Amino acid sequence: MRLKTPVKDINLTVDQIADAPAFVFDWNETGKRSLGSSAQYWQEVLPEGVGENPDGYLNMQYGNIALVALINLAKEVKELKAQVA
């Protein structure tokens, strides 16, 4: 944390995470099969997790998006457990 200056908290809702598209796809250029989500979706929900290549294509920081989504889900579970208790 000594190297960081927090700017804002990230509060994703469970609905935002659950509404994210997840799919298996083939890359048009290579035909190679992969899996992932839609950069266009995440650009709307979490713009800091999406960048743009010099050629104009969007790219996702999958690890960062996954970590933030997981933390937000864990917070929601913790709140729900407290309510149940």
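User: Hi, new here. Where does lysine 32 lie?
Analyst: Lysine 32 lies in the loop between β1 and β2. Strands here are DSSP runs of E with at least two residues, helices are runs of H or I with at least four, and both are numbered from the N terminus.

User: Okay, and what kind of model am I looking at?
Analyst: This is a predicted model, where local features need pLDDT of at least 70 and side-chain atom pairs count only at pLDDT 80 or more, while totals for chains, interfaces and linings use all residues. Residues are numbered from 1 along each chain as its sequence is written, and side-chain values use heavy atoms, with hydrogens and water left out.

User: Back to lysine 32: buried or exposed?
Analyst: Lysine 32 counts as exposed, at 57% relative accessibility. Buried means under 20% relative accessible area, exposed means over 50%, and partly exposed is in between, using a 1.4 Å probe and protein chains only.

User: How many Å apart are lysine 32 and alanine 82?
Analyst: They are 45 Å apart, C-alpha to C-alpha, and 50 residues apart in sequence.

User: Now the strands. How do β1 and β2 run?
Analyst: Strand β1 (residues 23-26) and strand β2 (residues 33-36) run antiparallel, with four bridges joining them. Two strands pair if DSSP finds at least two bridges between them.

User: Which residues stand opposite valine 24 and phenylalanine 23?
Analyst: Valine 24 stands opposite leucine 35 in β2, and phenylalanine 23 stands opposite glycine 36 in β2.

User: What's in the turn?
Analyst: β1 and β2 form a hairpin with six residues between them. Glycine 31 in that turn has a positive phi of about 80 degrees.

User: Switching to charges: how many salt bridges are there?
Analyst: The count comes to two salt bridges, each being a side-chain nitrogen of Lys or Arg within 4 Å of a carboxyl oxygen of Asp or Glu. Side chains of opposite charge can pair when their charged atoms come close.

User: Which residue does lysine 8 meet?
Analyst: Lysine 8 meets glutamate 48 in a salt bridge, at 3.1 Å from N to O. Lysine 8 lies in the segment before α1 (14-18) and glutamate 48 in the loop between α2 (39-45) and β3 (50-52), so the pair ties together parts 40 residues apart in sequence. Lysine 8 is exposed at 57%, while glutamate 48 is partly exposed at 46%.

User: And what does arginine 33 form a salt bridge with?
Analyst: Arginine 33 pairs with aspartate 26, and their closest N and O atoms are 2.7 Å apart. Arginine 33 is exposed, with a relative accessible area of 58%, whereas aspartate 26 is partly exposed at 36%.

User: Last topic, helix α3. What can you tell me about isoleucine 65 there?
Analyst: Isoleucine 65 is found in helix α3, and at 5% relative accessibility it counts as buried.
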